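Have the viewer open as you read.

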Amino acid sequence: MAYDEARFFASVRISIFGGRLRAAQLAGTKTVLAGFEKALPGGDPRWLAYMLATAFHETAATMQPVRETLAATDAEAIARLDRAFAAGRLPMVRKPYWRPDAEGKSWLGRGFVQLTHRRNYGAMSALMGVDLLERPERAMELEVATAILIHGMAAGSFTGHRLSDFFSNRREDWDGARAIINGTDRARLVGSYGRAFHRALLTARIEPASAR
């Protein structure tokens, strides 16, 4: 599906980005739009909208791949997570997955969806053909993070839930779709972002000449 970028960004600049769209936010959003069209040409715009909403939420609105805790380096992220774990602020974590393994590699959250744990890096490596087990830091690359976002949410790689479970001819569940990434955490908020991105996509949609 083709979109008029000017109309799309005019809409989300107000409804999502608070009236100001920075260069990095613009570049990241454009990369997701292009990546979706390449991976799923003509795909459901609701899927694309929810992917954009997820990226917006998980990256603290930067639309750029980030490390867990938004740290500038792996070492800083590990230190922050260690402090939070020691203080009991991570009750769901049994084993500190972010601590470097025997090879010195950390499997902390990275990218648009905060990919964590070695097994998940391995699963995404197999799905995309990018060796994240050898170089987990590649999940911070914009193109790689985009592929993880798109293929992982479509395939249900993160929690077993996939976009088709929530958006189909018979169902549209913007809040429930949060289960694809993180249960019900901030489900209504992310759902509201998804609806706003979807409205912008519909507003900017370019109909094929044959349909005019």
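In this predicted model, helix H5 has several buried residues: Asn120, Tyr121, Gly122, Met124, Ser125 and Met128. An α-helix has 3.6 residues a turn, so residues three or four places apart point the same way. You can follow that spacing along H5, where Tyr121, Met124 and Met128 are among the buried residues. The cover over the buried residues of H5 includes strand E3 (110–111) and helix H6 (142–155). After H5 comes glycine 129, with a positive phi near 75°.

Helix H5 (118–128) also takes part in a pocket, as one of the elements that give two or more residues to the lining of the largest one. The others are helix H3 (45–58), strand E2 (66–67) and helix H7 (179–182). This largest pocket holds about 940 Å³ of space. Which residues lie closest to its centre? Of the 29 lining residues, they are Glu68, Tyr97, Gln114, Thr116 and Asn182.

Now turn to the second largest pocket. Its lining consists of Lys95, Pro96, Tyr97, Arg99, Asp101, Trp107, His117, Arg118 and Arg119.

| Pocket | Volume | Lining residues by class |
|---|---|---|
| Largest pocket | about 940 Å³ | 14 nonpolar, eight polar, seven charged |
| Second largest pocket | about 190 Å³ | three nonpolar, one polar, five charged |

Definitions and conventions:
Residues are numbered from 1 along each chain as its sequence is written. This is a predicted model: local features need pLDDT of at least 70, side-chain atom pairs count only at pLDDT 80 or more; totals for chains, interfaces and linings use all residues. Side-chain values use heavy atoms; hydrogens and water are left out. On a 1 Å grid over the protein atoms alone, a cavity is a set of points where a 1.4 Å probe fits but cannot get out, and a pocket is an open set with protein on both sides within 12 Å along at least five of seven lines; lining residues have an atom within 4 Å of a point. Grid points are joined across faces, edges and corners, and a volume is the space filled by probe spheres set on the points. Helices (H or I, at least four residues) and strands (E, at least two) are DSSP runs, numbered from the N terminus. Ala, Val, Leu, Ile, Met, Phe, Trp, Tyr, Cys and Pro count as nonpolar, Asp, Glu, Lys and Arg as charged, and the others, Gly among them, as polar. Buried means under 20% relative accessible area, exposed over 50%, partly exposed in between (1.4 Å probe, protein chains only). Contact means heavy atoms within 4.5 Å.
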